[in-house]
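Thanks for coming, everyone. I would like to walk you through one model this morning, and please keep the sequence and the structure in view while I talk.

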Amino acid sequence: MGYTDIIAIVLSYLLGCINTGYYYVRLVHKQDIRTIGTKVTGAYNVSRLAGKKGFVVTFIGDALKGAIVVLICRFMAVADTVLLLSILLVLAGHIFPFQLKFRGGKGLSTAFGAFLLFNPIIILMWFVASIVFFPFVRRYTVTVLFALVCLPFELFIFDYPYKIIFFFILYAVLIVFACRSNLQEFIKERAYHGRNN
């Protein structure tokens, strides 16, 4: 691994650490978004305090991070493996930002931006799977998570390289870990309804 590769990877993590929601709420509302609602820096939680404008600003800002990392890697002409690793690092930076004591967001917006620039067809796969799952799940975040977990299987079916499939498994594992509270809440809710039906 050369200096260019290392620079791309380090930049990716550092860029990921710039959590849009945290700094937007600090600047506009003088509060720490991590003390509100779900206590994360993501767009949905920001919208609890800052409404639709806060959601849009946070979503776009976090998505841009992922997109910019892909653009930087392509501009630097790094190998595909380094690009895929850089996407993992920007997600890790968003979820575990060092300057915020490793308490950031859940990575979905950042993943959207990175995947869109990496290969728009993958976003289409993610979107279609989300549409399929939503009527059964009825919860946005959990629906998107289920669709994300399906992506590696879809990539396998459409004969994508094993290297890409492997990294998308890592992306899914990382984001599912960050969203584990959403899944726990969903499971408890379904168990409760199951007992009362």
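Predicted model: local features only at pLDDT ≥ 70, side-chain atom pairs only at ≥ 80, totals over all residues.

**Contacts, cores and charged pairs**

Let me begin with Asp32, which, if we leave out residues up to four places away in sequence, touches Tyr22 and Arg26. Asp32 is found in the loop between H2 and H3, and it counts as buried because its relative accessibility is 14%, where the cut-off for buried is under 20%. Along the chain Asp32 and Tyr22 are ten residues apart, and their C-alpha atoms are separated by 6.6 Å.

What does the side chain of Asp32 meet in a salt bridge? The partner is the side chain of Arg34, at 3.0 Å from N to O, and both residues of this pair are buried. As a general point, side chains of opposite charge can pair when their charged atoms come close.

Just after H2, Lys30 takes a positive phi of about 55°.

Staying with helix H3, I would like you to find Asp62, which lies in that helix. Is Asp62 buried or exposed? Its relative accessible area is 1%, and therefore Asp62 is buried. Leaving aside neighbours within four places in sequence, Asp62 is in contact with Ile18, Asn19, Thr20, Thr41, His94, Ser109 and Thr110. The side chain of Asp62 also meets that of Lys65 in a salt bridge, at 3.7 Å from N to O, and the two residues sit three apart in H3, about one turn of the helix. Lys65 is buried too, because its relative accessible area is 4%.

The largest nonpolar core has 47 residues, of which Ile87, Phe115, Trp126, Phe168 and Tyr171 touch the most other members. At least two residues of this core come from each of H1, H3, H4, H5, H6, H7, H8 and H9. Apart from it lies another core, of eight residues, among them Tyr22, Tyr24, Val25 and Ala50. Going back to Ile87, its contacts, again not counting residues up to four places away in sequence, are Val69, Val70, Ala114, Phe115, Phe118 and Tyr171.

Finally, the surface. Met1, Tyr3, Ile6, Ile7, Val10, Leu11, Leu14, Phe98 and Phe102 make a nonpolar surface patch of about 970 Å². Val10, one of these residues, lies in helix H1, residues 3-16, and it counts as partly exposed because its relative accessibility is 43%.

Technical notes: Residues numbered from 1 in each chain as written. Heavy atoms only, no water. Patch = residues over 30% accessible without salt bridge, like charges linked within 9 Å, V, L, I, M, F, W, Y side chains within 5 Å. Areas by Shrake-Rupley, 256 points an atom, 1.4 Å probe, with all protein chains shown as cover. Salt bridge = Lys/Arg side-chain N within 4 Å of Asp/Glu carboxyl O. Helix = DSSP H or I, 4+ residues; strand = E, 2+ residues; numbered from the N terminus. Buried < 20%, exposed > 50% of the residue type's maximum accessible area, 1.4 Å probe, protein only. Contact = heavy atoms within 4.5 Å. Core = buried A, V, L, I, M, F, W, Y, C linked by side-chain atoms within 4.5 Å.
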